[in-house]
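Subject: The structure you asked for

Hello! Here is the structure, ready for you to open beside this message. My notes on what turned up in it follow below.

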Amino acid sequence: MKGAVGFIGVFLSFLSEISGHQLQFPCLNDAYCHSVCKICEDHPGKPPMECLSYLFDDYLHLFNNQMSSLNSTDWCVWDKVSSFYSDFSTYTENISDCLGIPWPNSLVEKLFVNIHAAYFKACPTEEFSDPPPGIVFALVITPICLIPVMVSLVVIKTKNGDGTS
């Protein structure tokens, strides 16, 4: 269900971007959201996605500074980057929620793709590989050999009619 809601949110944000007209957006009723919405209201005539982009740029600059404070070899150590990454992810979600823009949306996706391309592209990944041929052969041949044995047992047991030998 969450996946469907996320897809619908991305689709609606895409439609709002290509429609080219100003959309009214609700502002959640808390002090933090009111300050966020105030920033957007100070730039009238801009669509909510443009305001969202403007708000993300400031925090993205902070994220980039935090990542730059680490050695590039530390970028692949999750314990060292997880707080920066999680904070940025939470920020994008909170700001999107404040502006009534579905999260994730196309802008957030672009930001995270760019972040991964800039900082995590060189990180080694734990990729799955095929097991050695001997193991594959054993796993494939075992059931193939067991099938005739099982069929023979069933035939022998059913010859007597009552299942006893």
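Cys 76 and Cys 123 form a disulfide, with their sulfur atoms 2.0 Å apart (a disulfide here is a pair of cysteine sulfur atoms within 2.5 Å). The torsion about this S-S bond is about -95°, so the disulfide is left-handed. Cys 76 lies in the loop between α3 and α4 and Cys 123 in the loop between α5 (106–120) and α6, so the pair ties together parts that are 47 residues apart in sequence. Helices (H or I, at least four residues) and strands (E, at least two) are DSSP runs, numbered from the N terminus.

Before going further, please note that this is a predicted model, in which local features need pLDDT of at least 70 and side-chain atom pairs count only at pLDDT 80 or more, while totals for chains, interfaces and linings use all residues. Residues are numbered from 1 along each chain as its sequence is written, and side-chain values use heavy atoms, with hydrogens and water left out.

Back to that pair: Cys 76 counts as partly exposed at 35% relative accessibility, whereas Cys 123 is buried at 15%. Buried means under 20% relative accessible area, exposed means over 50%, and partly exposed is in between (1.4 Å probe, protein chains only).

The structure holds three disulfides. One of them joins Cys 33 to Cys 98, again with sulfur atoms 2.0 Å apart. Its S-S torsion is about -65°, so this disulfide is left-handed. Cys 33 lies in helix α2 (residues 31–41) and Cys 98 in helix α4 (residues 78–98), so the pair ties together parts that are 65 residues apart in sequence. Both Cys 33 and Cys 98 are buried.

Another links Cys 40 to Cys 51, with an S to S distance of 1.6 Å. The torsion is about -85°, so the disulfide is left-handed. Cys 40 is in helix α2 and Cys 51 in helix α3 (residues 48–68), 11 residues apart. Cys 40 and Cys 51 are both buried.

**Aromatic rings**

A search of the whole structure finds 11 aromatic pairs. The rings of Tyr 85 and Phe 112 have centres 5.4 Å apart and planes at 70°, so the pair is edge-to-face. Rings of Phe, Tyr and Trp (its six-membered ring) pair if their centres lie within 6.5 Å; planes under 30 degrees apart count as stacked, over 60 as edge-to-face and the rest as tilted. Tyr 85 sits in helix α4 and Phe 112 in helix α5, 27 residues apart. Tyr 85 is buried at 18% relative accessible area, and Phe 112 is buried at 12%.

Tyr 85 also forms an edge-to-face pair with Phe 120, 6.0 Å centre to centre with 70° between the planes. Ring pairs link these residues into a cluster that includes Phe 56, Trp 75, Trp 78, Tyr 85, Phe 112 and Phe 120.

Leu 146, Val 149, Met 150 and Leu 153 make a nonpolar surface patch of about 370 Å². Patches are made of residues with over 30% relative accessible area and no salt bridge: like charges are joined within 9 Å, nonpolar side chains (Val, Leu, Ile, Met, Phe, Trp, Tyr) within 5 Å. A salt bridge is a side-chain nitrogen of Lys or Arg within 4 Å of a carboxyl oxygen of Asp or Glu, and accessible areas come from the Shrake-Rupley method with a 1.4 Å probe, where for residues only the protein chains shown count as cover. Leu 146 lies in helix α6 (residues 133–159) and is partly exposed, at 46%.

Best wishes
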